[in-house]
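Please view the sequence and the structure before reading on.

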Amino acid sequence: MQKKWLVGMAVLAVALFLLPFAPWFKGNDQSEERTVPGNETAGSYNRTMSAKQEKERKMAILRSDMEATALLCTTECAKDFRKLLAQGGDGEGKEKHIRRLMADHPHMVYIRWMTGDRSVARGSVPEPVKDSAETHLNKAETTVKSGKKYVSPTIKDGSVRYVVMGIPDERYQGQGIVGLVKQNVVEAVERHQRRNLRLVPYPANGKYRVKTVKPNSTQQKSVRSGEDNGNASHYRVDEVVVRFERDPSPQQMELIKKEISAVSVRKLGYTYLFRSRSMDAERMIAYFRDRWHPRYVEPHYLYLTNEAVGTDPAIPSDEVPIVPNDALYSQYQWNLPTIETEKGWNLSKGSDDVIVAVLDTGVQRDHPDLQGRLVEGINILDESAYPEDDVGHGTHVAGIIAAAVNNGEGVAGMSWYNKIMPVKVLDENGAGSTYSVAEGIIWATDHGAKVINMSLGNYAQADFLHDAVRYAYDRDVVIVAASGNDNTDRPGYPAAYPEVFAVAATDYNGNRASFSNYGDYIDVAAPGASIASTYPGGQYAALSGTSMASPHVSALAALIRSANPELNNEEVMEIMRTSAIDMGDSGKDIYFGYGQIDVRRALEAAGQSTVSLQRFPLRLADRLQRIVDKYAGTPSRP
C-alpha cells in the first residue's frame, strides 16, 4: 500500500538530493561574510567570519579529526598486538594467530613476532616505503627488546600513510611484536571530512590514571584500609582544574597545550580541565601558578563514597557514574561524560524493544563493535542487496548510538540495548534522492522503528519528503535530523520541518561548533566535534559535524522511550527540550535551541512525567482492550 503511495507521489517530488551532515549541500557563493557566535575568541560571542576564515577553521577541524583518528588507530592496533602476545604458542601456532589477525585487519600489512633469537613474520613491506619502514622496524625491534613500546612518525607514500609499531611482551624480556600498519582509515577520514565539511564540491562526480593524598593537598597518603579512606582525598594524577583571571586567547591556549603536552582540554562554565600526557598534577599546578597566576588551580578531585559503591542506601544510585571498560572510552570519548550519560545509565541503559532507524549510507554488518546491535534493514537503492556501508558515514552514526558497551573493545555507544535498523538511502558518494529518503522513512516506520535519525539534508523544502515525515510523525515516531555544517541561518530540510527535532553541534569546550548551522528551528545542541565511533573495515574514526551531534539526540530519545514506553513522540521531544542545559543567551536561542542535551535530567523527567501519569488510565484501558481483542475467541483453560 505504502509502496503504491510512494510511486504515486514520486512524480510530485522535485529533483533534490540529500547529503549526509556532514555533508551539506550549499550554493557556490564563497565571498559573503557572516556574523556568527564566536568560540574563536574566549569571552566573545559575535564576530564576523569571512569565507577564508571559515575555511581555515574547517581545515583545523579536519586536521584534528585526522590526528584523533590516527591515535585511535594506533591505540586499537596496540591492543590487538597485546592480545596476540597473550595467545602464545609454538612457531606454527604463532603464524596461525598472525594470519587470523591480519585477515580480520587488512590494514596490518606486516607483522613480526619476536621470541628470543627466533621470529615469525607474515605480510610484506610495500616497496615505495621499504627503506624508511625497515629503518623504523629495526628501531622498533631494538626498543621492544628493551621492554618499551615504539610508535614511529608517519611514513608516507604520496597520500598513503603508514606507521611502524612495536609492543613488548610484558611477561618475557626481549620478546614482542613489531608491525607495519597502513593507516588507510586516516585517508578515508580526510576524504570523508573534506566532503562533509564542504571543503570540496560534493558529490564529486555529479551523481546525485588516580592518586590518594591528604585532604586539600597533593601530599601522598597511604591507604591500607577502609578506615584510612575516611581522611584521604583522591585525584586524577594527570589532570588539574584551572580558573583563570581572564580566559586565555586561542594563541595562549595553544602555548599552554604545547608546554604541558596536553592530551585534552575541556571547559565547563568558567573553569578548564587540563589533562597532560607527560606532567603530573603537582607539576601542572606549579606551572599554572608560576606562568599564568590564575584565580585558582587545583587537582581534579574524585568524590568517592567511603564504602563499596552502591552499599549506602542514603547515596542516590544516579549519583554514581557508570564508566564502561571499552578500550577507547576514557581517553577519547569526551562526548558522553559531557552530557551526563554515565549518570544517566543508572536510570536507563535502553531496551531492545525500542529500535532506532539510521537513514544513511548503510552500516557495516560485521563490525566487531556492532555485533548483535543490528536488526533487519533495507537497501532502498537496491533491495536485493544488504544495506552495506560503502562510505563510512552510516557506520559512524550507528556506533554513536549503539556500539557495544562495556565489552572491553573499541568505543561505547550511548545505548547498551537499543538496536539499529540500517536503512541505506544514500549511495557510494553519500548522496540520495528525495524519493529514496522518503521511502526509507516510510519503510522504517512500517517496520517498527520508534526513532529515526537523519544526518542528511538539503536547503530546498520538498512537499514529498514532508509528507513522508508527517506519515512517520503521525505514527508516533521521534524524528531527529542534523541542522547542517555551513555556519548559516538558512533553514535546511528535513531538520526545519516542524515535526522534526533539529540538532546543532557543540565542541568539547561547550561552545557552538564553528561549522554548525543555526536558526529559530533548532531544538537542542549535542556534541559534534572529533567524535570517536565505529568505521568500516572494523576500525574507528573521529569525525566532526552535526551528523555526529544528531545521533546523540536519537540515542537519548531511545533511552527515554525505553525508560517510559508510555510517552508519545511529542512528549519525548518536549522532555529533551525542557531538560536541556541552557547555553548561550538565556532561554531558547538560535544557536543552541533550548540548550545542550543532558541524559540524566532527561531520564529523570521521563520517570516523573505528569503528562504520562495523567494519561495512564486511558492508556492502561487501551492496552487491556488490545489484550482482550488479541485473545478473543481463544478457548479458556479447563
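A residue is called buried when its relative accessible area is under 20%, exposed when over 50%, and partly exposed in between (1.4 Å probe, protein chains only). The model is predicted, so local features need pLDDT of at least 70, side-chain atom pairs count only at pLDDT 80 or more, and totals for chains, interfaces and linings use all residues. Residues are numbered from 1 along each chain as its sequence is written, and side-chain values use heavy atoms, with hydrogens and water left out.

| Residue | Relative accessible area | Class |
|---|---|---|
| Cys73 | 5% | buried |
| Cys77 | 2% | buried |

A disulfide is a pair of cysteine sulfur atoms within 2.5 Å. The closest cysteine sulfur to that of Cys73 belongs to Cys77 and is 4.2 Å away, too far for a bond. By this rule the count of disulfides is zero.

Cys73 and Cys77 are among the residues lining the largest cavity, together with Leu72, Glu76, Asp80, His105, His107, Gly538, Gln539 and Tyr540. Helix H2 (51-87) and strand E25 (539-543) each give two or more residues to this lining, and H2 supplies the largest share, five residues. By class, the lining residues are four nonpolar, four polar and two charged.

The largest cavity has a volume of about 70 Å³. Here a cavity is a set of points on a 1 Å grid over the protein atoms alone where a 1.4 Å probe fits but cannot get out, and lining residues have an atom within 4 Å of a point.

How values were computed: 1 Å grid on protein atoms, 1.4 Å probe; cavity = no way out; pocket = protein on both sides within 12 Å on 5 of 7 lines; lining within 4 Å. Points joined across faces, edges and corners; volume = space filled by probe spheres on them. Helix = DSSP H or I, 4+ residues; strand = E, 2+ residues; numbered from the N terminus. Nonpolar A, V, L, I, M, F, W, Y, C, P; charged D, E, K, R; others polar.
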